[in-house]
Amino acid sequence: MGELIVLLLSGPNLNLLGERQPEIYGTDTLDDHVAGTTAVAAERGLVLEHFQSNHEGELVNAIHAARDRCAGIVINPGAFTHYAWAIHDALAAFEGPVVELHLSNPAAREPWRHTSVVAPVADGTIAGFGPLGYQMAIDAVADLLDR
Ligand code: CA2
């Protein structure tokens, strides 16, 4: 088999990581998270690709493009988590493992963050563990692919 690609998707405002709200989201930049995730993926024999967008449709297009090309998806949909049904539908049409990832724990925050429209189409959700979550998400995808 050829290389197994895992697509890491980052939603709106995650490009600002490291610049503001470090008490909630930590001090690492998105590039830091991507570098760490790439290294962990390589240890598991996986190739990481990353795409960030502030536009819902671009994330939908990226999910479509991953079909038949990527083995799994790790997605932090940002605030789209809470209402973006187009992302839900796109992920539902993806065949491989999907892991929903959050740096913070939305369940412990404002009530409007308690709903995820992505969770029903994910194999599982990792939330509240900061940077460690990226590593956990890769472990989850790798294990799901091994089964
Ligand atoms: O905890 C997470 O990873 C979230 O997906 C982050 C989203 C939030 O809307 C979700 O409820 C939970 C927001 C990301 C915004 O990131 C910023 C980073 C620095 C400065 C401003 C925003």
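A backbone N or O atom of Ala 79 lies 3.3 Å from an oxygen atom of the ligand, a polar contact being a pair of N or O atoms within 3.5 Å. The model is predicted, so that local features need pLDDT of at least 70 and side-chain atom pairs count only at pLDDT 80 or more, while totals for chains, interfaces and linings use all residues. Residues are numbered from 1 along each chain as its sequence is written, and side-chain values use heavy atoms, with hydrogens and water left out.

**Ligand contacts**

- His 82 places a polar side-chain atom 2.7 Å from an oxygen atom of the ligand.
- For His 102, a polar side-chain atom lies 2.9 Å from an oxygen atom of the ligand.
- The protein buries 95% of the 510 Å² that the ligand exposes when taken alone (Shrake-Rupley method, 1.4 Å probe).

**Shell around the ligand**

- There are 15 residues around the ligand, and those that come nearest are Asn 76, His 82, Leu 103, Ser 104 and Arg 113 (near: a heavy atom within 4 Å).
- Six residues of this shell are nonpolar, seven are polar and two are charged; Asp, Glu, Lys and Arg count as charged, Ala, Val, Leu, Ile, Met, Phe, Trp, Tyr, Cys and Pro as nonpolar, and the others, Gly among them, as polar.

**Largest pocket**

- The ligand sits in the largest pocket, in the sense that more than half of its atoms lie within 2 Å of the grid points.
- A pocket is an open set of points on a 1 Å grid over the protein atoms alone, where a 1.4 Å probe fits, with protein on both sides within 12 Å along at least five of seven lines; lining residues have an atom within 4 Å of a point.
- The largest pocket holds about 400 Å³ of space, and of its 19 lining residues Pro 12, Asn 13, Leu 14, Tyr 25 and Arg 113 are the closest to its centre.
- Its lining comprises eight nonpolar, eight polar and three charged residues.

- Asn 13 is found in the loop between strand E1 (4-10) and helix H1 (22-25), and its phi is positive, near 75°, in a residue other than glycine.
- Gln 21, found in the loop between E1 and H1, has a positive phi of about 50° although it is not a glycine.

Methods:
A polar contact is a pair of N or O atoms within 3.5 Å; within protein, one must be able to donate a hydrogen and the other to accept it, and residues adjacent in sequence count only if both atoms are side-chain atoms. Grid points are joined across faces, edges and corners, and a volume is the space filled by probe spheres set on the points. Helices (H or I, at least four residues) and strands (E, at least two) are DSSP runs, numbered from the N terminus.
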